[in-house]
Amino acid sequence: MVLVLIIGDLHIPHRAHDLPAKFRKLLVPGKIQQILCTGNVCDRETYEYLRTVASDVCVVRGDYDENTSFPPSVTVVHTPIRIGIVHGHQCVPTGDLDALSAIARQMDVDVLVSGHTHTFQAIEYDGRFFVNPGSATGAWTGLHSSDPTPSFALMDIQGAVVVTYVYQLVEGEVRVEKIEYRKEVEAAKPAVAPPLAQSNSMYSNTSGGFGPSGPGSPQATQGVW
């Protein structure tokens, strides 16, 4: 089992001062193995805070991130699940499932995580699973006439099953919803074991990154500031 935090569109300090206090109480160190962030972190302090929650942090560059070292996309593998992460501003029209599906096919992933809309979504479409964690701070966006609901998601990855829990702050209270996705996996064929065991978790990005022949699962975006 791998527990992955899906978070993004924080826009700190430009559109929000901080994460909601009730979210901070939930995000305690030692429970989450990996963080996948859809971008628009915006300041170094927030990035460093995420690294206190989990040391393995993968961040893609949002349209308001000034840090050019964040890649535009990232692929993470938790065998047999392949997860792609993009900010979402590459998707036209914004949030369109057909456009997101095209990105997922291009990245060859089972799960595509994206942001930009500041609205939570978790839906199976065209044989793949699409997750948008929304804005963790409920930051303002011109896409909505009202303030977005603060939200983030946790993925509990158990082999070919991905159980996603969405946490939303509604009228001062945290509400949790559960969504499950199951990848159809073909029966494994007998194979000769390699001389050296490889990690089940791999990381790559558009600048090369890590893959099956790389040095293993890295601490993905450490030292980017």
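Visitor: Is Glu48 buried, partly exposed or exposed?

Guide: A residue is called buried under 20% relative accessible area, exposed over 50%, and partly exposed in between, using a 1.4 Å probe and protein chains only. Glu48 has 30% relative accessibility and therefore counts as partly exposed. The model is predicted: local features need pLDDT of at least 70 and side-chain atom pairs count only at pLDDT 80 or more, while totals for chains, interfaces and linings use all residues. Residues are numbered from 1 along each chain as its sequence is written, and side-chain values use heavy atoms, with hydrogens and water left out.

Visitor: With which residue does Glu48 form a salt bridge?

Guide: A salt bridge is a side-chain nitrogen of Lys or Arg within 4 Å of a carboxyl oxygen of Asp or Glu. Glu48 forms one with Arg44, and their closest N and O atoms are 3.9 Å apart. Arg44 is partly exposed, at 41% relative accessible area.

Visitor: Where do Glu48 and Arg44 lie in the chain?

Guide: Helices (H or I, at least four residues) and strands (E, at least two) are DSSP runs, numbered from the N terminus. Both residues belong to helix H2 (residues 44-53); because they are four residues apart there, about one helical turn separates them.

Visitor: Which residues does the salt bridge of Arg105 link?

Guide: Arg105 pairs with Asp126, with 3.4 Å between the closest N and O atoms. This pair links distant parts of the chain, 21 residues apart: Arg105 is in helix H3 (residues 97-107), and Asp126 is in the loop between strand S7 (120-125) and strand S8 (128-133). Arg105 is partly exposed at 45% relative accessible area, whereas Asp126 is exposed at 51%.

Visitor: How many salt bridges are found in the whole structure?

Guide: The search finds seven. Among them is the one between the side chains of Glu173 and Lys22, at 3.5 Å from N to O. Here 151 residues separate the partners, with Glu173 in strand S11 (residues 173-182) and Lys22 in helix H1 (residues 21-26). Glu173 is partly exposed at 48% relative accessibility, and Lys22 is partly exposed at 37%.

Visitor: What does the chain as a whole contain?

Guide: The chain has three helices and 12 strands. Buried residues make up 51% of its 225 residues.
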